[in-house]
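Hello,

Here is the structure I said I would hand over. My notes on it follow below.

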Amino acid sequence: MKLKSLIVALLLFSAAGTYAQVTVNVFINGTKSGQYEVKEGATDGGIWYKKADYKKMNKFAIEVKSKMLSNDAYKRVVEAVDDNSKSLFIASETPGVLGQFDLSDKAITKRLAKGKIVKLYLQMDPASPSSKVVSKRIFIGNLTAK
């Protein structure tokens, strides 16, 4: 009986460990102003600020933290899209800083200042053209105003 309980506990522990999540830190004007988490497979979630916060924004960046970012086989970019999935801006990863992306673009800041939604996706493509790893596109949250 104890062996069955131990096996069930180990299976539950290993299943919980494989469930991926992404943590996103938001920086406005160089100061960390929020954090949110998105579970694997989610299509909704994120963070909101007041419109006035976006209007005062000069610099806007996010930092993505996840186990999947430790793989050097990928080059990473964040794509910001509107609610119709039209691309607004593509931000490359900051050189030397794993998972950090500068989103200081007028298309994004103006849209947020008007109270409209911006959806963020992490695009992971093979770093080498000869690599056999598969590209991934992962939803990493919505930014909006209230």
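Which residues lie nearest the centre of the largest pocket? They are Val 22, Glu 40, Gly 41, Met 68 and Ile 138, out of 12 residues that line the pocket.

Before the rest, the conventions. This is a predicted model, in which local features need pLDDT of at least 70 and side-chain atom pairs count only at pLDDT 80 or more, while totals for chains, interfaces and linings use all residues. Residues are numbered from 1 along each chain as its sequence is written, and side-chain values use heavy atoms, with hydrogens and water left out.

Pocket

The largest pocket holds about 160 Å³ of space. The search ran on a 1 Å grid over the protein atoms alone; a pocket is an open set of points with protein on both sides within 12 Å along at least five of seven lines, and lining residues have an atom within 4 Å of a point. Grid points are joined across faces, edges and corners, and the volume is the space filled by probe spheres set on the points, the probe being 1.4 Å.

Strands β1 (21-28), β2 (31-39) and β9 (136-145) each supply at least two residues of the lining, and β9 gives the most, with three. By class, the lining has seven nonpolar, two polar and three charged residues. Here Ala, Val, Leu, Ile, Met, Phe, Trp, Tyr, Cys and Pro count as nonpolar, Asp, Glu, Lys and Arg as charged, and the others, Gly among them, as polar.

Overall layout

The chain has three helices and nine strands, in the order α-β-β-β-α-β-β-β-β-α-β-β along the sequence. Helices (H or I, at least four residues) and strands (E, at least two) are DSSP runs numbered from the N terminus. Of the 146 residues, 34% are buried; buried means under 20% relative accessible area, exposed over 50%, and partly exposed in between (1.4 Å probe, protein chains only).

Salt bridges

There are three salt bridges, each a side-chain nitrogen of Lys or Arg within 4 Å of a carboxyl oxygen of Asp or Glu.

- Arg 76 pairs with Glu 93, with the closest N and O atoms 3.3 Å apart. Arg 76 is in strand β5 (residues 74-81) and Glu 93 in the loop between β6 (87-92) and β7 (100-102), so the bridge ties together parts 17 residues apart in sequence. Arg 76 is buried at 7% relative accessible area, and Glu 93 is buried at 19%.
- Glu 79 pairs with Arg 137 at 2.6 Å between the closest N and O atoms. This pair links distant parts of the chain, Glu 79 in β5 and Arg 137 in β9, 58 residues apart. Glu 79 is buried at 15%, whereas Arg 137 is partly exposed at 44%.
- Asp 83 pairs with Arg 111, again with the closest N and O atoms 2.6 Å apart. Asp 83 lies in the loop between β5 and β6 and Arg 111 in helix α3 (residues 106-113), so the bridge ties together parts 28 residues apart in sequence. Asp 83 is partly exposed at 44%, and Arg 111 is buried at 14%.

Rings

Two aromatic pairs were counted. Rings of Phe, Tyr and Trp (its six-membered ring) pair if their centres lie within 6.5 Å; planes under 30 degrees apart count as stacked, over 60 as edge-to-face and the rest as tilted. Tyr 49 and Tyr 54 are edge-to-face, at 5.8 Å centre to centre with 85 degrees between the planes, and both residues are buried. Tyr 121 and Phe 139 are also edge-to-face, at 5.7 Å and 70 degrees. This second pair links Tyr 121 in strand β8 (residues 118-126) to Phe 139 in β9, 18 residues apart. Tyr 121 is buried at 17% relative accessibility, and Phe 139 is buried at 9%.

Which charged end sits over the ring of Tyr 121? That of Arg 137, 4.1 Å from the ring centre. Arg 137 is also the partner of Glu 79 in a salt bridge. The charged end of Lys 146 sits over the ring of Trp 48, 5.0 Å from its centre. The criterion is NZ of Lys or CZ of Arg within 6 Å of the ring centre and within 35 degrees of the ring normal.

Backbone

Most residues other than glycine have a negative phi. Asn 29, in the loop between β1 and β2, has a positive phi of about 55 degrees. Ser 85, in the loop between β5 and β6, has a positive phi of about 65 degrees. Asn 29 is partly exposed at 36%, and Ser 85 is exposed at 56%.

Regards
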